[in-house]
Amino acid sequence: MFAIQKNEDLNDSKFSVACRFLRLPLMILVTFIHVKYNLLVLLPYSDFSYSIVFVFTQIISRIAVPSFFVISGYYFFFDVRKQEKFTKQDYKNKLLKRFFSLLIPYLIWNLFYCLVKCFFLHQNFLSLLPHIFDYPMPVAFQFWYIRDLMIMCLISPLLYKVIKKLGLIFIIFLFLIWLLNFNIVLDSSLLFFSLGAYFSIKQKDIVALMNKFKPYLYILFLCFGILDFVFNVEPTNMFHNASNVYPIHCLFILSGVFAIFTWAVSKSKNISLKKRSNLFSPSFVFLLFALHPLTTLSIFTPLLLKISNNTPLLLAYFLPIILSFFVIYLVYLFMKKFLPSLLSVIVGGRV
C-alpha cells in the first residue's frame, strides 16, 4: 500500500508513475470522507454549501479507497505475473514483507489510538484492546483498509488460482454481488483488489485499455456522477451514508476508478515527482492516513466549532483538512530528520 514498484516496461512505467502521483490526491480525498460526521448537525448551512460538501464527501472522495485496492492488487502479483503458478515460497516472501509493512503499523497505530481514547476520552485501555481487529471498524477506524488488505494477502493463493482460471468471469461475479448490495463481508475490498490482481495476473495492458476507452470512461464518470448527485443529495444521506439508488453509486465508483487512472496515465509524461519528493513520498502519505482522523475530528474541527458555532459550513469543512495536512507534513519532516528509524517503523518501512 502506498509504495509502488518501479518497472522497465513502457506502459507499466506509465502506470507506475500514475500510481505514485495519485497516492497523495487519493489520500486527500480520504480525508474529505472523515471530516463530515460532527459538522452538519451543529452548523447552519445553505443548499449550495451542503451540495459542495456532499459532492466531496459522498461522491468524488468515494473513488479513493477502491483505487488504492486496485493498486494494491495489481502490485501484489506484479512480480509473479509471468510465472506458471504462485509458489509457496512466493506466498511466504509476500507474507513476511506484509508482516512489517501492514501488520506492525496496524498494531502500533491501533495501540496509539487506544492510548488516545484512554487519556482523552477516559476509556479503559484494556477494554479497548479486544476491539483492535473489530469488524467493520477497528479502534483506529481508518485502518479497516489495512485489515482488509491483510485478509486479501492471506487468501492471495486462492485469488491467484481463481483469477488464473476464471479471469474476467470472477471479476464480473464479484461486481454483481457488490452492485446488487448483498452486504457480503469484504465485497468491495475483494472486488477492487481482485480487479487490480486480474490486470496483473492476466498480464493485461491496462494503459492500452485506458487509452482505447478514454473518452467513454470520462463520459461515464461524468454521467454517473451527475446521476449520483441528483438521486442521492439529501441531508439524511450525509448523516447516515445512505444511497437512494445504490447501483448508480456503484457504477459511478467503478467508472471513477478507471477515469482517474486514465487521467493520471495521460499526464504521466508531464508528471515530475522529484521536486516534490517529500509530499509524494509513501511515508508521508501513510502518516497522513494514520493521523488525519486525530487532527481533523479530534483537534481542528472541535476547536473551530468551539470558537464559533456560526462558522460557515464550507470553512468548517475545508479548513480542518488544510490545517491537518500542513501539521502532519511538519510532523513528517521533523521525524524524517530527527527520528528516521521510528518513522520507518510506524509507516511500515515505506520510503
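Which residues of helix 8 are buried? In this predicted model, they are Phe170, Ile171, Leu174, Phe175, Ile177, Trp178 and Leu179. Helix 8 runs from residue 168 to residue 179. Their cover includes helix 7 (156-166), helix 9 and helix 12 (246-266). An α-helix has 3.6 residues a turn, so residues three or four places apart point the same way. The buried set includes Ile171, Leu174 and Trp178. The length of helix 8 was also checked. Its 12 residues should span 16 Å at 1.5 Å a residue. The end C-alpha atoms are 16 Å apart, which agrees. After helix 8 comes Asn181, with a positive phi near 60°.

A nonpolar patch lies on the surface. Its members are Leu168, Ile172, Leu176, Leu180, Phe182 and Ile184. Together they have about 570 Å² of accessible area. One member, Leu180, sits in the loop between helix 8 and helix 9 (187-201). Leu180 has a relative accessible area of 52%. Leu180 therefore counts as exposed, since the cut-off is over 50%.

Charged side chains were examined next. The count comes to 2 salt bridges. In one, the side chains of Lys94 and Asp79 meet at 2.9 Å, N to O. Lys94 lies in helix 4, whereas Asp79 lies in the loop between helix 3 (64-76) and helix 4. The pair therefore ties together parts that are 15 residues apart in sequence. Lys94 is buried, at 7% relative accessibility. Asp79, in contrast, is partly exposed, with a relative accessible area of 49%.

The other salt bridge joins Asp148 and Arg147, again at 2.9 Å, N to O. Both Asp148 and Arg147 are buried.

Arg98 presents another case. Arg98 is placed in helix 4, which covers residues 88-120. Arg98 is buried yet has no salt bridge. The nearest side chain of opposite charge belongs to Asp79, 6.8 Å away. Asp79 is instead bridged to Lys94. Apart from neighbours within four places in sequence, Arg98 is in contact with Phe76, Leu103 and Cys153.

Definitions and conventions. Residues are numbered from 1 along each chain as its sequence is written. This is a predicted model: local features need pLDDT of at least 70, side-chain atom pairs count only at pLDDT 80 or more; totals for chains, interfaces and linings use all residues. Side-chain values use heavy atoms; hydrogens and water are left out. Patches are made of residues with over 30% relative accessible area and no salt bridge: like charges are joined within 9 Å, nonpolar side chains (Val, Leu, Ile, Met, Phe, Trp, Tyr) within 5 Å. Accessible areas come from the Shrake-Rupley method with a 1.4 Å probe; for residues, only the protein chains shown count as cover. A salt bridge is a side-chain nitrogen of Lys or Arg within 4 Å of a carboxyl oxygen of Asp or Glu. Helices (H or I, at least four residues) and strands (E, at least two) are DSSP runs, numbered from the N terminus. Buried means under 20% relative accessible area, exposed over 50%, partly exposed in between (1.4 Å probe, protein chains only). Lys and Arg count as positive and Asp and Glu as negative; His and the chain ends are not counted. Contact means heavy atoms within 4.5 Å. The expected span of a helix is 1.5 Å times one less than its number of residues.
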